[in-house]
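Thanks, everyone. Have a look at the model.

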Amino acid sequence: MESLQTIQSKEMVEIQSQAIALNHTGNSIKILSKEEIFKLIDVHEPYYALKDVIVYASNFATASIEVEQPLGDEIFPIGAAEACRHLAILGSVCCALSNPVKQKHYYLAHRGTYKRAIEKTHYTGKKLVATATCTFFSKRMANIKACLLDEDNQLICGIENSFHVVPHAIFERLYYNFHKEIPDFGLKNPYHQKKQLFDVQFSALSASASLGKIQDDYCAGHFPHFPAMPVAILMNTLLDLAAAYIHHITDDKSLKMYVREMTLLADNLGFSGEIVTLHVKQEAYTNNRFKLRCTATSTDNKSVGDVNVIIETAAK
């Protein structure tokens, strides 16, 4: 089965080696507080969950994270959607540090790739280490590469991501229709539980479902006054539907899964109040390896997510 065009393994190894070397030397430039970061990127907790953010030379940064989202049918130590979430946020911090204008901006994930590096299936419960660097920055676009390491400094996965760089004032003008002075984010962390899928339907080569109406509390921290569904939650629901489809087509609900490779295109934001529909289509299937295209549309058939993914199954 043809692989997807994702971050290269040698690039992940380079980032891993740099992170290990910097950790040993201890030559950090600055330790960033949440308050300093929130002045530069317009995301907040609980969407933002980085701890101990340290910046080194060339805007290389590290942070520790704790796994929050339920794995569902994915294999330890962390789900692909959650890994992408933390790495992309740390990458946006690196972009903000590269931005000569030290004011609040929105760094909107546009194109991304993901690759898993290991099949390690045990996890001690210790914090994982996110590492990221900004590889390109312009007035309107920025690129990052980032990797996640486990407690033994082994590579778990890596991403490449491009962002639209949008000044705060311009974002407010573009999306004023979705402004809410006090969104109802609720008290629960939306990353602590799975989102329910409705009207799930299967065929031999596809599956579909509805996520229903996007609620404010799905968007807690993303963004404070413009509640929009984070790519991490959207991706997580698409992967849940993909897993359900694989269970259906194999007639084996005990199967566990690796997201081996993934590409993402996010042309638009899905805002609170819009209804999201999910689709999964099988493009190839060989032994325990599925290549699927997963798409999400919101009100007026607006595309809010287009994911190509290769998933490998493993016995429980």
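By class, the second largest pocket is lined by seven nonpolar, five polar and three charged residues. This is a predicted model, so keep that in mind. The volume of this second pocket is about 260 Å³. Its lining has 15 residues. Nearest its centre are Ala-19, Asn-23, Thr-62, Val-129 and Asn-153. Which elements supply at least two residues each to this lining? They are α1 (9-25), β2 (51-55), β3 (60-65) and β5 (128-137).

Now the largest pocket. Its volume is about 620 Å³. It is lined by 45 residues, and Tyr-107, Leu-108, Ala-109, His-222 and Val-231 are the closest to its centre. Two or more lining residues come from each of α3 (80-98), β4 (105-116), β7 (155-167), α5 (231-250) and β10 (256-265). Which element gives the most? That is β4, with eight residues.

Last, Asp-42. You'll find Asp-42 in the loop between α2 (34-38) and β2. Is Asp-42 buried or exposed? Its relative accessible area is 6%, under the 20% cut-off, so Asp-42 counts as buried. Leaving out residues up to four places away in sequence, Asp-42 touches Lys-104, His-105, Tyr-106, His-168, Phe-223 and Pro-224. With Tyr-106 there is also a side-chain polar contact, at 2.5 Å. Gln-8 is 34 residues from Asp-42 along the chain, and their C-alpha atoms are 30 Å apart.

Methods
Residues numbered from 1 in each chain as written. Predicted model: local features only at pLDDT ≥ 70, side-chain atom pairs only at ≥ 80, totals over all residues. Heavy atoms only, no water. 1 Å grid on protein atoms, 1.4 Å probe; cavity = no way out; pocket = protein on both sides within 12 Å on 5 of 7 lines; lining within 4 Å. Points joined across faces, edges and corners; volume = space filled by probe spheres on them. Helix = DSSP H or I, 4+ residues; strand = E, 2+ residues; numbered from the N terminus. Nonpolar A, V, L, I, M, F, W, Y, C, P; charged D, E, K, R; others polar. Buried < 20%, exposed > 50% of the residue type's maximum accessible area, 1.4 Å probe, protein only. Contact = heavy atoms within 4.5 Å. Polar contact = N/O pair within 3.5 Å; in protein donor to acceptor, adjacent residues only side chain to side chain.
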